[in-house]
Amino acid sequence: MNDELVAKIKANPNYQELVKKRRSLALKLSIFVLALFYAFILTIAFNPAILGTKTGDGVMTIAFPIAAAIIIISFFTTLIYVKKANGEFEELTERVKEEVKDELDV
């Protein structure tokens with residue numbers, strides 16, 4: 001790919017919108033998941049008795065369902081990103097490709 005084509009793509013308003021939206025969503029989802037993980041770890045570090053609370057008469061503590069929920073939530077945040085990537089982000093990518101297709105060596 002030549003420098004002129006790269007400059008044209010970077011100057012494209014659809015490309016700039018794509019980068020902005022993709023970066024924003026990734027940052028929001030990452031901060032959300034990291035906050036969950038760090039809250040769990042900080043709870044273990046500073047107040048382990050909370051997570052050591054037994055559930056019912058069994059031997060399982062409350063920590064296991066909370067940890068499982070964090071993993072499931074992480075999975076769903078990935079699904080949210082993939083859905084956006086295959087929908088809105090893909091449409092923007094196609095618009096950019098359409099606008100520069102004359103210069104692409106396909």
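## A first salt bridge

The side chains of K101 and E98 meet in a salt bridge, 2.9 Å from N to O. The term means that a side-chain nitrogen of Lys or Arg sits within 4 Å of a carboxyl oxygen of Asp or Glu. Side chains of opposite charge can pair when their charged atoms come close. K101 counts as partly exposed, at 45% relative accessibility; that label covers what falls between buried (under 20% relative accessible area) and exposed (over 50%), using a 1.4 Å probe and protein chains only.

Some ground rules before we go on. This is a predicted model, where local features need pLDDT of at least 70 and side-chain atom pairs count only at pLDDT 80 or more, while totals for chains, interfaces and linings use all residues. Residues are numbered from 1 along each chain as its sequence is written, and side-chain values use heavy atoms, with hydrogens and water left out.

How many salt bridges does the structure hold? There are five. One of them joins K21 to E88, with the closest N and O atoms 2.6 Å apart. K21 lies in helix α2 and E88 in helix α4, so this pair ties together parts that are 67 residues apart in sequence. Helices here are DSSP runs (H or I, at least four residues), numbered from the N terminus, and strands are DSSP runs too (E, at least two).

E88 also forms a salt bridge with K84, and here the closest N and O atoms are 2.7 Å apart. Both E88 and K84 lie in helix α4, four residues apart, or about one turn of the helix. An α-helix has 3.6 residues a turn, so residues three or four places apart point the same way. Are K21, E88 and K84 buried or partly exposed? K21 is partly exposed at 32%, E88 is partly exposed at 23%, and K84 is partly exposed at 33%.

Helix α4 covers residues 63-100, which is 38 residues. At 1.5 Å a residue, α4 should span 56 Å, and its end C-alpha atoms are 53 Å apart, which agrees. (The expected span is 1.5 Å times one less than the number of residues.) Where is the kink in α4 centred? Look at E90, where the helix bends by about 40°; the bend at a residue is the angle between axes fitted to the seven residues ending there and the seven starting there.

The buried residues of α4 are A63, I70, S74, T77, F89, L92, V96 and V100. They pack against α1 (3-11), α2 (13-46) and α3 (48-51), where contact means heavy atoms within 4.5 Å.

## Helix α2 and its neighbours

Helix α2 has 34 residues and should span 50 Å; its end C-alpha atoms are 48 Å apart, so that agrees as well. Its buried residues are N14, L18, V19, L25, L29, V33 and F40, and they pack against α3 and α4. A35 also lies in α2, but A35 is partly exposed, at 46% relative accessibility.

Now for α1 and α2: they pack at an angle of about 70°, with their axes 5 Å apart. That makes α1 roughly perpendicular to α2, a label for angles of 65 to 115 degrees (under 35 is roughly parallel, over 145 roughly antiparallel, the rest oblique). The contact is made by I9, K10 and A11 of α1 and P13, Y15 and Q16 of α2. Axes are lines fitted to C-alpha atoms, for helices over the stretch in contact, and angles run from 0 to 180 degrees between N-to-C directions.

Conventions:
The expected span of a helix is 1.5 Å times one less than its number of residues.
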